[in-house]
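Please keep the sequence and the model in view while reading.

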Amino acid sequence: MQLESAIRTNSPEFRRRYAHNKALAAELKRRQETARHGRPARDLERLASHGKLLPRVRLERLLDSGTPFLELSTLAANMAYGGESPSASCITGIGVVSGREVMIHADDPTVKGGAWYPLTIKKIVRALDIAIENRLPVVHLCDSAGGQLQLQSALFPDKYMAGRIFRNQCLLSKMGVQQLAIVFGHCTAGGAYVPALSDYNVIVRGTGAVFLGGPPLVKAATGEVVSADELGGCDLHTRTSGTCDYPASSEAEAIVIGREVVAQWQRFPKWRLPEQPAESPQHDPDELYGIIPDDIKQAFEMREVIARLVDGSRFHEYKPAYGTTLVCGFAHLFGYRIGVLANNGILFNDSAIKGGHFIELCNQNATPLLFLQNITGYMVGREYEAAGITKDGAKMIMAQTCSHVPKLTVMCHGSFGAGNYGMCGRAFDGRLLFSWPNHQIAVMGGEQAANTLAEVKLRQLERTGESADPETIERIRKATLRAYEEQTSAYYSTSELWDDGILDPIDTRNALGVALSAACGAPGGAPGFGVFRF
Amino acid sequence: MTYRVRIDEREVEAEIVARRPQLSVRLGGTRHTVAASALAEGEFAIAVDGVPHRGWYCTIGRDAYVRLAGRTYLVQLPGRARERGTTLSQDEIRASMPGVVVAVHCESGASLSAGDKLLTLESMKLQLTLVAAHDAVVERVHVAPDSVFERGALLVSFVRPKSGEL
Amino acid sequence: MLKRVLIANRGEIACRILRTLRALGVGAVVVYHHEDRTAPHVALADEAVLLEADVPTAAYLDAGQIIGAARRTGADAIHPGYGFLAENAAFAQQVQDAGLIFIGPDPAVIRLMGDKIRARAFAVAQGVPVAPSVGADGDFARAAASVGFPLLIKAAAGGGGRGMRIVRHTGELAESARIAAAEAERYFGDARIYAERYIERPRHIEVQIVGDGAGEVVHLHERECSLQRRYQKIVEESPAPNLPARTRDAICGAAVRLASAARYRNAGTVEFVLAPDGGFYFLEMNTRLQVEHPVTEAVLGLDLVAEQLRIAAGAGLSHAQGAPEPQGHAIECRICAEEPEHDFRPATGRIGVLRPPADARFDGGVREGQPITPAFDSLLGKLIAHGATRGEAAQKLERALHALVLLGVPTNVDYLARLVRHPEFLAGRLHTGFLAAHARELLPVENPDTAAAALLVALLSDEGFRRSAFDVPEPHATIGHWRN
């Protein structure tokens, strides 16, 4: 059934929202540009003087021309390390190389020689987790100075730190998912394991080197004086040690060889294929800017969003008369069948169990799930507790978590509290999760938190017999609000890699298309659910 | 991924720009749509920008010969250079046309001045004597009198002058 | 009649001779070098004998092996084709000494005409006009100067355009003479040179003759071969256009006189230079079948190779002078493996596709799959068109060149098509400097539309490009180029 649109594009509300969201999109674009390309000239010159290509040039040459590249977490670390590590010093994303969908991880030597910060490692581990979950082959473009020594305690010892990269590499290989590493620069210490644990690798003569200890370390350890090339360069590793497979006399040649290697990779049958040809939405995605509110507390009609994402704007709504604050239904995205759950308000008992049931239907129907979040939480209050809202919320979370079909999430507006859980927030193993620039996330809304904390403080003072003056209360309120606002923004979230990137709303359809195709490469675990508290 | 091809000694960059609804390829600065392309057993039919063309083609190594409208084009497709060892172009002499070696005038290790004779080659009753372009030390002569060679074949290599950092 | 003939040659002429042998029911033996094993004449013959030689062309110059092969295969005659041993008097003698028939003239006549100085003297004795010249004995410089400038220094034992230099001033004379003599020594084993007056804008007119060896000689009219590049003929035709009947008769008469006096046997060609003022001069006599013989065959409706076999078998000439009458006009062009845009440098490759045109005679010497290497010369075949008029023949030839498909090695086919379309060619205003003079007008014209189509076909013929174009998954192919 084709969705109708009820928006009035010339209303003041639409125009106000449009201007606001367009500005947010422009701001996003500006910040991404800076993160991707803003580098001191000195660093760019140094790279060029070594005959090296910029990492994004390497990337573009690697990719098949005329194909999309879905870059992930461009603004990782944008609010960390004083801005020292734009894009967390690396590029990750899903693209097409020699006709195969692959995950690409490229070190960025224009940022402190490509040294790995804690968030760099988190970003790389995330990329490899995505590769594992979706059975995506991986291409590594290696060029890193190694770990950022000053921050070593935050990037080395723990379970999900540097070691996890190499653990993930081994797992991918064991799963039969291919990996290629192209060594453009130095791969030192742990970094040496990236090419070593890749099934295939290419190394550039003169600039590429792989060694567990670099020349300074070797000199300090044994007194041996040796150049990087002699210690672990192309000819040593391709002719003598056999650590590297293909020598290349230039970066351009290395990329050509890399593409030829990928062309040898068997393509394994996907779990799901598109059922029908793709079809653009009937309604204009540009209107999304006018649909998204300019106030985090305001709700909006999610069907308008769905109508601008799915093929032909066609949506088969499930159980339309029941649990109306959660819109559920089937649609197609680039020909893939999907099940959509979208918030049109807070979750009540009925919307929660409708959601749980719909999730079960999608599992039965082998249909991937798309969660469009705008949730401030579940309904609270005595009446609802008595009706079992906690139980019903738990059932929805159980159904969502135990799903064996792939899940994708878009944070369209607010994501507060327990609502995040049921709607497949970060902790729930969605294959990919994206945010819009207007998105905010916290355990509860800023205003609400500020008010709650002020309320708590007030009661504290009442118990001790003091009374707080309105000014103190207001001060507490304002301070809480400020701290919250900084940490609830999409930019903070993306900086910490709580999402896989902020999307301009108009890019959502294409991003989901690429994501869905990748996700349909592999099924989830075995079907089955835990105990539903009925 | 750009393809660098040579046609009539001109280098042209080719890149696939789009595949739907039709294949669209950029040649140099111009985009062309390609439809209804069928290539089989030496004959082809293709529609470029809506205009149909028919003709003949064959590929010998990396050379593609295409004949249409009474004209034969030779297109050189990109082929990855063999990675053996890096040799810079000024340190070696390659044959500019196929032929036979008539005489060898230098030997390995010889120290030559610019203008000294290297080889005399003959091709279809045309003789050509190669001389050193600058002072150089011969590393190796890769052909012998009466040996036959193809265009591009390595004839003489020179000792690479010691340079600084790699 | 001859029973079994061994063809001591290769390429298009071997195939051409084979065709006549087949038509007459005469057994055909060929010899070949390993490098030629995929050539069509090898497969078409009744028997093929492999020759051993380090250098491929040397195999076809190996008299011993060739005669041995003839003996072993029971051949009673050897046809030498053109080039190689065709004008080697010693070889002709050896063939006869071996009890075999040499399809060509007497060794003595070969020797006479092979020595350019002796040949010239002989021509003078028969009242055949020759260009003023001097031999290289005594004070060459002074003698040469008496000939007048510009002059041409030629090798006495030479031919086919080798070892020739044009000298325009006295100053260049000594050095040019030195170089020419050295080249003559190198190519022909005979350093003797002579100097001859050089005619500007000359036309090359030659006369086909056949003789019975007893003094009876008939001419089969003239051919014009003025379109040459570095003394190699590119386009030939019969009859010669714009030639006054009186001049034609005089030239043909002179040719007959010369050949008759030599008691010439079998087929031969007498070559002349025709000056713009109508004067003509004896150049040389080729004691063999020429590459361009098909144009004579086309206008006279006869088979020259069959004539050669008849005469060699002792049957005498089959036609009297004057019969048959020439009908219409025929033009031939030589298809070579070369790159006209690069100063005609020779090219190599492999014959990938070969489709001869329907409405013309194609004497090919290659077949699909055959490699074209630097081992042999660049002639791939000849295309001959015949029409009621010269204009019609030229049109037919142009159409045939358009229709001819010969791919896998660069060729001069398109260049020839432009040539036979040129207004000066169509007007018949020919001279040996034509191709150089009109070089710029004969350059290819750019056609961006067909060039684009050609590029795309070439790309699509590449498996990697095809995969890149068609083997991209969905939805990526539909989304196309996109970055977030």
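The contact between chain C and chain B draws 44 residues from chain C and 53 residues from chain B, where two residues are in contact if their C-beta atoms, placed from the backbone, lie within 7 Å. On the chain C side, the elements that give two or more residues are strands S17 (345-346), S18 (349-350) and S23 (405-407), together with helices H14 (413-419), H17 (448-460), H18 (463-470) and H19 (476-479). Helices (H or I, at least four residues) and strands (E, at least two) are DSSP runs, numbered from the N terminus. H17(C) gives the most to this side, with 12 residues. By class, the side of chain C that touches chain B has 24 nonpolar, 13 polar and seven charged residues; Ala, Val, Leu, Ile, Met, Phe, Trp, Tyr, Cys and Pro count as nonpolar, Asp, Glu, Lys and Arg as charged, and the others, Gly among them, as polar.

This is a predicted model: local features need pLDDT of at least 70, side-chain atom pairs count only at pLDDT 80 or more, and totals for chains, interfaces and linings use all residues. Residues are numbered from 1 along each chain as its sequence is written, while chains are lettered from A and ligands numbered from 1 in the order in which they are written.

Within chain C, an automatic or database domain assignment gives domain 1 (4-103), domain 2 (132-197) and domain 3 (203-442). The C-alpha centres of domains 1 and 3 of chain C lie 23 Å apart, and their contact takes 24 residues from domain 1 and 26 residues from domain 3. On the domain 1 side, helices H1 (11-24) and H3 (56-59) of chain C are the elements that give two or more residues, and H1(C) gives the most, with eight residues. The residues of that side divide into 14 nonpolar, five polar and five charged.
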